[in-house]
Amino acid sequence: LIESGKLNPSVAVLKSILVGIKMDLAEFFAEETVDSEPLIYRSDDLLEIGQGKISYRQVGSHMDGRSVQILHERYAPGAATGKVSLSHSGEEGGVVVRGQLELTVNGERHLRGPGDAYYFKSSRPHRFRNIGDEECEVVSACSPPSV
């Protein structure tokens, strides 16, 4: 009768039915969300959000509902995020893939090369600069996403 639409079950009856299929009421009534973002991204799928001598290629076309932002960063020789340090909520980390990166956090300079990594609270004033003669490449993550 329920399947044919001739009977609407009470909450008690619905709970009994859901016990048999190992589902609770909250799960039953939850709206199904379909993640429209793909699972796998090709290099051409990354979204360019940078400009000038710094390229920030973001994994995913938007950050709505996301808790982590992943970037493929490229810094031209001498390129920097600016003279003024950045500061925002969250945490960030990354790995230098190629080149030489100068990371300044709280006024303290750290030189990073291929295979070196960093991780810090983003509320600490920070800036990035390529100090080498070749392009510097970094893969990084920031949570929550910083736009």
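Which residue forms a salt bridge with Glu102? Select Arg129: the closest N and O atoms of this salt bridge are 2.9 Å apart. (A salt bridge here is a side-chain nitrogen of Lys or Arg within 4 Å of a carboxyl oxygen of Asp or Glu.)

Before you click on, some ground rules. This is a predicted model, where local features need pLDDT of at least 70 and side-chain atom pairs count only at pLDDT 80 or more, while totals for chains, interfaces and linings use all residues. Residues are numbered from 1 along each chain as its sequence is written, and side-chain values use heavy atoms, with hydrogens and water left out.

**Stop 1**

(Buried means under 20% relative accessible area, exposed over 50%, and partly exposed in between, using a 1.4 Å probe and protein chains only.)

**Stop 2: the sheet around them**

Now show the cartoon and pick out an open sheet of three strands, in the order β6-β5-β8, with antiparallel pairing. β6 (108–112) and β8 are the edge strands, each with a single partner, so one side of each has no neighbour in the sheet. (Two strands pair if DSSP finds at least two bridges between them.) Zoom in on β5 and β8, which are joined by five bridges. Click Val105, and you'll find that its bridge partner in β8 is His126.

**Stop 3: Lys121 and Glu91**

Next, select Lys121 and Glu91, whose side chains meet in a salt bridge of 3.6 Å, N to O. Lys121 is in strand β7 (residues 117–121) and Glu91 in strand β4 (residues 91–98), so this pair ties together parts 30 residues apart in sequence. Lys121 is partly exposed at 49%, and Glu91 is partly exposed too, at 31%.

**Stop 4: a network**

Finish with Arg74, Arg98, Glu135 and Glu137, which are linked in a network of salt bridges. Look at Glu135 and Arg74 in particular: their closest N and O atoms are 3.7 Å apart. Glu135 lies in the loop between β8 (126–130) and β9 (136–143), and Arg74 in strand β3 (residues 69–75), so the pair ties together parts 61 residues apart in sequence.

Technical notes. Helices (H or I, at least four residues) and strands (E, at least two) are DSSP runs, numbered from the N terminus.
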